[in-house]
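Dear colleague,

I am passing on a structure that I would like you to look over.

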Amino acid sequence: MTVKPLPQYSRRRIKDRDLHTLQGICKGMLADGVVNQEEGEYLLNWMRVNDADSIEHPLVTRLFDQLETVLADGILDSSESKNLFESLVALAGEISVGGEPMKSAKDFDDLPVEFEGRSFEFTGEFMPEGQRGIYKEEVHARGGVNASITRKLDYLVVAVYASKQWKTQAYGGKIEKAIKSREKYGKPAVISEAHFVEALESTY
């Protein structure tokens, strides 16, 4: 019996699912404001067992390498714990604004995402390369459209992989413009990439 290779679309779905699961684990570990040794060892083991490198995301690869390095001696010291915490924040999809997570400073919208007849814009560095285009195709396939930021835009999706100095970047201007429009007109909703991916998965 010949086993057919997994279609590219199915492989992408698996990678998206695994990334979303990993982000959820990271958010759980961040809840108490510190990452301890037991949590670090659990996360490293999870990434090994689930072949996290296959997700092909730069932040995942960096986190895996970091965990292997800091836990090589069997001890997670305070400095390593702090650096690890920052890596988990980056992967969990929160953007820092002056040292504070964006969720505390600007608040992502946490609301159901609809696609049919809705307009979407994307900002930030979506990884791997080409992911932004894939997301746009997924929006179109669900009856949505891709648009620029105006008061008629429904959703601005902010990438997981975004610089802590986002205000100085080109995409920072989009975020600021969207937030001002949201305050004045009630839209667009500003949502994280993780929230957007969850909505995609729920409509497969």
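The notes below cover a helix pair, a single helix and a peptide bond.

This is a predicted model, in which local features need pLDDT of at least 70 and side-chain atom pairs count only at pLDDT 80 or more, while totals for chains, interfaces and linings use all residues. Residues are numbered from 1 along each chain as its sequence is written, and side-chain values use heavy atoms, leaving out hydrogens and water.

The axes of helix α2 (residues 37-49) and helix α3 (residues 58-70) come within 10 Å and cross at roughly 125°, with helices taken as DSSP runs of H or I of at least four residues and strands as runs of E of at least two. The two helices are therefore oblique to each other, a term for angles that are not under 35 degrees (roughly parallel), over 145 (roughly antiparallel) or 65 to 115 (roughly perpendicular). Their contact (heavy atoms within 4.5 Å) involves Gly40, Leu43, Leu44, Met47 and Arg48 of α2, together with Val60, Leu63, Phe64, Leu67 and Glu68 of α3.

In helix α6 (residues 131-141), the buried residues are Gln131, Tyr135, Glu138 and Val139, where buried means under 20% relative accessible area and exposed over 50%, with a 1.4 Å probe and protein chains only. Seen down the axis of α6, these buried residues fall within an arc of 100°, so they line one face of the helix. The face turned away from that buried side carries the exposed residues Glu137, His140 and Ala141. Just after α6, Gly143 takes a positive phi of about 90°.

Finally, Lys187 and Pro188 are joined by a cis peptide bond with omega of about 10°, and Pro188 lies in the loop between α7 (170-185) and β6 (189-192).

Conventions. Axes fitted to C-alpha atoms, helices over the stretch in contact; angles between N-to-C directions. Arc of directions from axis to C-beta.
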